[in-house]
Amino acid sequence: ADSGIVIERSGERIVQIRLNRPERLNALGMDMVEALQAAIAGAIADRARVLLVRGTGRAFCAGADLKERRTMSEAARVKHNRAINAAVDALAAAPMPTIAVINGLAMGGGCEIALACDLRYAVEDAQIGLTEARIGAIPGAGGTQRMPRVIGASRALELILTGEPVTGKRAGEIGLVNEAVAADRLDAHVTRIATVLASRSPTGAKTIKRL
């Protein structure tokens with residue numbers, strides 16, 4: 001079965017993991033989460049110098065696949081939660097620079113994937129947020145720790161407690177993304193930065209990240 005993950009390679013060992021279920025806004029079903037974790041492990045094993053994550057279509061990632069979760073047993077839901085956590089933590093622990101290419105909506109677990117990356121670039125009209133409060137849930141894959149580290153506790157509490165997303169443009173203003181750019185410039189902008197990162201010492205990058 002199609003796991004919903006496409007791996008693309010370019011240039012000097014630049015690997016892009018593409019979340020590829022556009023009809024479901026790239027929501028994380030169980031198969032997709034397992035394939036995402038395998039793709040991250042594969043990029044590390046291949047000694048990729050830069051790892052990019054992006055979505056196909058109008059979304060980056062809408063978070064956990066709530067439609068799939070409705071049909072799951074309690075045990076399966078717990079397993080799904082753990083799998084999402086493991087994939088996001090594997091991304092955070094990757095030795096090479098990682099970039100979230102936020103081509104559109106990034107909600108809940110999708111926002112947490114972006115927060116686990118070192119750098120984030122978004123289209124100006126992307127919608128980005130930890131929206132779990134809207135359904136009486138909490139961000140379960142590190143968002144409560146990673147968002148305040150990126151934007152500060154007060155701003156993070158505002159976003160997490162309200163569950164309201166911000167635009168890519170606003171995300172750039174508050175430092176949630178490194179930069180927000182016009183949709184037609186996103187790929188060129190990210191390619192330029194990824195090329196620079198790939199030209200640097202991988203040992204240096206790994207050490208900088210660890211320190």
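Trainee: By class, which residues make up the lining of the largest pocket?

Mentor: Rolling a probe the size of a water molecule over the atoms shows where empty space is left. Here a pocket is an open set of points on a 1 Å grid over the protein atoms alone, where a 1.4 Å probe fits, with protein on both sides within 12 Å along at least five of seven lines; lining residues have an atom within 4 Å of a point. The lining of the largest pocket has 12 nonpolar, 7 polar and 6 charged residues. Ala, Val, Leu, Ile, Met, Phe, Trp, Tyr, Cys and Pro count as nonpolar, Asp, Glu, Lys and Arg as charged, and the others, Gly among them, as polar. Please note that this is a predicted model, in which local features need pLDDT of at least 70 and side-chain atom pairs count only at pLDDT 80 or more, while totals for chains, interfaces and linings use all residues. Residues are numbered from 1 along each chain as its sequence is written, and side-chain values use heavy atoms, with hydrogens and water left out.

Trainee: How much space lies in the largest pocket, and which residues lie nearest its centre?

Mentor: The space is about 590 Å³, a volume being the space filled by probe spheres set on the points, which are joined across faces, edges and corners. Of its 25 lining residues, Ala64, Leu66, Gly109, Glu132 and Ile135 lie nearest the centre. Helix H2 (66-70), helix H3 (74-92) and helix H4 (109-116) each give two or more residues to this lining, and H3 gives the most, with 3 residues. Helices (H or I, at least four residues) and strands (E, at least two) are DSSP runs, numbered from the N terminus.

Trainee: What lines the second largest pocket?

Mentor: That pocket holds about 250 Å³ of space. Its lining includes Arg13, Ile44, Pro95 and Lys206, and divides into 5 nonpolar, 1 polar and 4 charged residues. Helix H9 (residues 202-210) gives the most, with 3 residues.

Trainee: What is the order of the strands in the sheet of 6 strands?

Mentor: Strands of a sheet pair through backbone hydrogen bonds, either parallel or antiparallel. In this account, two strands pair if DSSP finds at least two bridges between them. The open sheet of 6 strands runs E1-E2-E3-E5-E7-E10, with mixed pairing. Strand E1 (5-10) and strand E10 (179-181) are its edges, each pairing on one side only.

Trainee: Which pairs illustrate the two senses?

Mentor: E1 and E2 pair in the antiparallel sense over 6 bridges, with Gln16 in E2 as the bridge partner of Glu8. These two strands form a hairpin with 3 residues between them, and Gly11 in the turn has a positive phi of about 55°. Strand E5 (residues 98-102) and strand E7 (residues 119-123), by contrast, pair in the parallel sense over 4 bridges, and Ile102 stands opposite Ala122 in E7.

Trainee: What is the order of the sheet of 4 strands?

Mentor: This open sheet has the order E4-E6-E8-E9, again with mixed pairing. Its edge strands are E4 (59-61) and E9 (166-167). Strand E6 (residues 105-107) and strand E8 (residues 127-129) pair in the parallel sense over 2 bridges, where Met107 has Gly129 as its bridge partner.
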